[in-house]
Amino acid sequence: GEGEGMRRTVSRGTLKKIIKKHKPQLRVAGNADLSFFCFILFFVSPLLKVHLSFLLFLHRLAGEARMNAFENKSKIIKPEHVIAAAKVI
């Protein structure tokens, strides 16, 4: 799998979509620090934090499943690769 200390990141576009979905009245400047924006919004919208956590979990699960498929010399990620990945996350 991937390194234990590695930080997970979400793209700027994904963060903007999530912010727009949960707080459509907010306008985010192009040069805004979205990580700070999300930090502030976590206190305003717990649902946002759950949504981001879920996205990060799915990203990690997909990466682990991809590694399992690669280690088994499979070009296709199969259900057993995902199940094995879920056991180590």
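Contact means heavy atoms within 4.5 Å. This is a predicted model, in which local features need pLDDT of at least 70 and side-chain atom pairs count only at pLDDT 80 or more, while totals for chains, interfaces and linings use all residues. Residues are numbered from 1 along each chain as its sequence is written, and side-chain values use heavy atoms, with hydrogens and water left out.

**View 1. The chain and its helices.** The chain holds 4 helices and 0 strands, and its elements run α-α-α-α from the N terminus on. Helices (H or I, at least four residues) and strands (E, at least two) are DSSP runs, numbered from the N terminus. Of contacts in the chain between residues at least 6 apart in sequence, 37% join residues at least 24 apart. Buried residues (under 20% relative accessible area; exposed is over 50%, partly exposed in between, with a 1.4 Å probe and protein chains only) account for 22% of the 89 residues. The accessible surface of the chain is about 6800 Å², and carbon and sulfur atoms hold 62% of this surface. Such areas come from the Shrake-Rupley method with a 1.4 Å probe; for residues, only the protein chains shown count as cover.

**View 2. Confidence along the chain.** The predictor's confidence in each residue is given as pLDDT, from 0 to 100. Its mean over the chain is 79, and 67% of the residues reach 70 or more. Helix α2 (residues 34–44) has the lowest confidence, at a mean of 64, and α4 the highest, at 95. Over residues 1–6 pLDDT stays under 50, and the model has 5 contacts beyond four places in sequence for this stretch.

**View 3. S74 in the loop between α3 and α4.** S74 is placed between α3 (46–71) and α4 (79–88). Because its relative accessibility is 18%, S74 counts as buried. The S74 side chain reaches the backbone oxygen of I76 at 2.7 Å, a polar contact (a pair of N or O atoms within 3.5 Å; within protein, one must be able to donate a hydrogen and the other to accept it, and residues adjacent in sequence count only if both atoms are side-chain atoms). Not counting residues up to four places away in sequence, S74 touches A69 and H81.

**View 4. H81 and its surroundings.** H81 is found in helix α4. With a relative accessible area of 5%, H81 is buried. Its contacts, leaving aside neighbours within four places in sequence, are A65, N68, A69, N72, S74 and I76.

**View 5. K73, a loop residue with positive phi.** K73 lies in the loop between α3 and α4. Its phi is near 55°, a positive value in a residue other than glycine. Most residues other than glycine have a negative phi. K73 is exposed, since its relative accessible area is 77%.

**View 6. A nonpolar surface patch.** F54, F57, L58, V88 and I89 make a nonpolar patch of about 440 Å². Helix α3 gives the largest share of the nonpolar patch, 3 residues. F54 belongs to α3 and, at 46% relative accessibility, counts as partly exposed.

**View 7. K87 and L61.** K87 is placed in helix α4 and is exposed, at 68% relative accessibility. From C-alpha to C-alpha, K87 and L61 are 9.8 Å apart in space, and they are 26 residues apart in sequence.

Technical notes: Patch = residues over 30% accessible without salt bridge, like charges linked within 9 Å, V, L, I, M, F, W, Y side chains within 5 Å. Salt bridge = Lys/Arg side-chain N within 4 Å of Asp/Glu carboxyl O.
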